[in-house]
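Hello,

Here is the structure for you to look over. My notes follow below it.

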Amino acid sequence: MQRPIDTYTDNFGQTIKFTIPEQHIKLCINISGGADSAMLLLMLINYCETHIPDAELHVITSANPIKGWYNAKWSTSVLDRVLQITGTTLIKSHYTFYSTDQIREEMDEAERVIQKLHGITFTIHGTTQNPPLDVKFDTKNNRFEQRDPGHATPLLVEYDNGINRWMPLIQVDKRMVAHLYNHFNMMEELFPYTRSCEQHAKENMDTPTWMVTHCGECWWCKEREWAFEE
Ligand SMILES: [Zn+2]
């Protein structure tokens, strides 16, 4: 029997469908410490608790230099918080690796390690689409490169190594994430435990305190403010 599909639509007409294809039991989710992946983690746990009680969930984090590697700490806080909220026992591991430059190959390699160790066949990423083109943020540092150009990025990629990579948020912007936080009543319960800021480490080498705050000025902070205040 096919597993149920949960559909969510925000106030801007954006829709996502949430489902895990039937054959997959051993799942991996990437969390960054940011709001998008934290929400997906919560949704994944809720979904599995209801529909896949024998699921095994493994969490993976790429600690990256743009976030001063400190997102390793934020993602741990997110996971702890989600464990408190859900009381789940489906999470079997949290694997954190230290990235040299947040590149795709490193993520692929980390997923291969997890796949080998735990037999993962399905991985989930929380990447969202950029805001609409007419939305411009007044930022000191703009983002380094355009994320996910176009809206044609596939939701699901099947690799010949047996892993399916699913990006349920890739065709919606962050306003959908804000919608989901409201929908699941997580604006106070979970959102404050996340951090999206990427104030650049290079400018803050000597002041690690910046890593525990939100600068409020970088592209990512502006995007977050935009989406959650719409
Ligand atoms: Zn920031």
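**Threonine 19 and its surroundings**

Apart from residues up to four places away in sequence, threonine 19 touches Arg3, Pro4, Ile5 and Asp6. Contact here means that two C-beta atoms, placed from the backbone, lie within 7 Å.

Two notes on the source. This is a predicted model: local features need pLDDT of at least 70, side-chain atom pairs count only at pLDDT 80 or more, and totals for chains, interfaces and linings use all residues. Numbering starts from 1 along each chain as its sequence is written.

Threonine 19 sits in the loop between β2 (15–18) and β3 (26–30). Helices (H or I, at least four residues) and strands (E, at least two) are DSSP runs, numbered from the N terminus. Threonine 19 is partly exposed, because 15 other C-beta atoms lie within 10 Å. The cut-offs: buried at 20 or more other C-beta atoms within 10 Å of a residue's own, exposed at 12 or fewer, partly exposed in between. Proline 168 is 149 residues from threonine 19 in sequence, yet their C-alpha atoms are 9.1 Å apart.

**Strands and chain**

β4 (residues 56–63) and β5 (residues 91–98) pair in the parallel sense, over seven bridges. Pairing requires at least two DSSP bridges between the strands. Leucine 57 has isoleucine 91 in β5 as its bridge partner.

The protein chain has five helices and eight strands. Their order from the N terminus is β-β-β-α-β-α-β-α-β-β-β-α-α. Of its 230 residues, 36% count as buried. Among contacts with a separation of 6 or more, 74% join residues 24 or more positions apart.

Best regards
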